[in-house]
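Please examine the sequence and the three-dimensional model shown here. The paragraphs that follow proceed from the chain as a whole to the packing of its helices.

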Amino acid sequence: MQYTCINYRPVILTSVLGKVMEHIILSAITQHAQDNQAIRSSQHEFVKGRSCLTSLISIYDKMTHLMDEGEAVDVVYLDFSEDFDIFSHSILLEKLAARGLDGCTLHWVKNWMNGWGQRVVVNRVKSS
């Protein structure tokens, strides 16, 4: 019996150097955000020591507190995961610049978002 994979996704193998650079840039942006208090205390995603789970626990705690006080509670959950595939890179760069992120880091982020240094190789043929 032969199986055919109908629904497949291409795999991008990022070089070790690329991963190290991404880590350095992430650390620089995170440190800048913390130093300038650009991240609210209610932010859970992309914050060290916090996660979706801590976010849900926080929301649950607030909801049960309000319900214990006799307040009405309405909850709306939205999934924006696919929106991040189509967000405007220029708007993100403008917001990072407005928050005071240095020009060198902004330049690296811009090149990274434009696919700098990434390509696909199939049968020794490289993509642009």
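Of the 128 residues in the protein chain, 10% are buried, that is, under 20% relative accessible area, whereas exposed means over 50% and partly exposed lies in between (1.4 Å probe, protein chains only). The model is predicted: local features need pLDDT of at least 70 and side-chain atom pairs count only at pLDDT 80 or more, while totals for chains, interfaces and linings use all residues. Residues are numbered from 1 along each chain as its sequence is written, and side-chain values use heavy atoms, with hydrogens and water left out.

The protein chain holds four helices and two strands; these are DSSP runs (H or I of at least four residues for helices, E of at least two for strands), numbered from the N terminus. Their order from the N terminus is α-α-α-α-β-β. Among contacts (heavy atoms within 4.5 Å) with a separation of 6 or more, 33% join residues 24 or more positions apart.

Two packed helices are described by the angle between their axes and the distance between the axes. Axes are lines fitted to C-alpha atoms, for helices over the stretch in contact, and angles run from 0 to 180 degrees between N-to-C directions.

Helix α3 (residues 89–98) packs with helix α4 (residues 103–113) at about 165°, the axes being 11 Å apart. The angle therefore makes α3 roughly antiparallel to α4, a term for angles over 145 degrees. His 89, Leu 92, Leu 93, Leu 96 and Ala 97 of α3 meet Leu 106, Val 109, Lys 110 and Met 113 of α4. By class, this contact of α3 with α4 comprises seven nonpolar, one polar and one charged residues.

Helices α1 and α4 pack at an angle of about 130°, with axes 11 Å apart. The contact joins Met 21, Glu 22, Ile 25 and Ile 29 of α1 to Thr 105, Trp 108, Val 109 and Trp 112 of α4.

Conventions. Parallel < 35°, antiparallel > 145°, perpendicular 65-115°, else oblique. Nonpolar A, V, L, I, M, F, W, Y, C, P; charged D, E, K, R; others polar.
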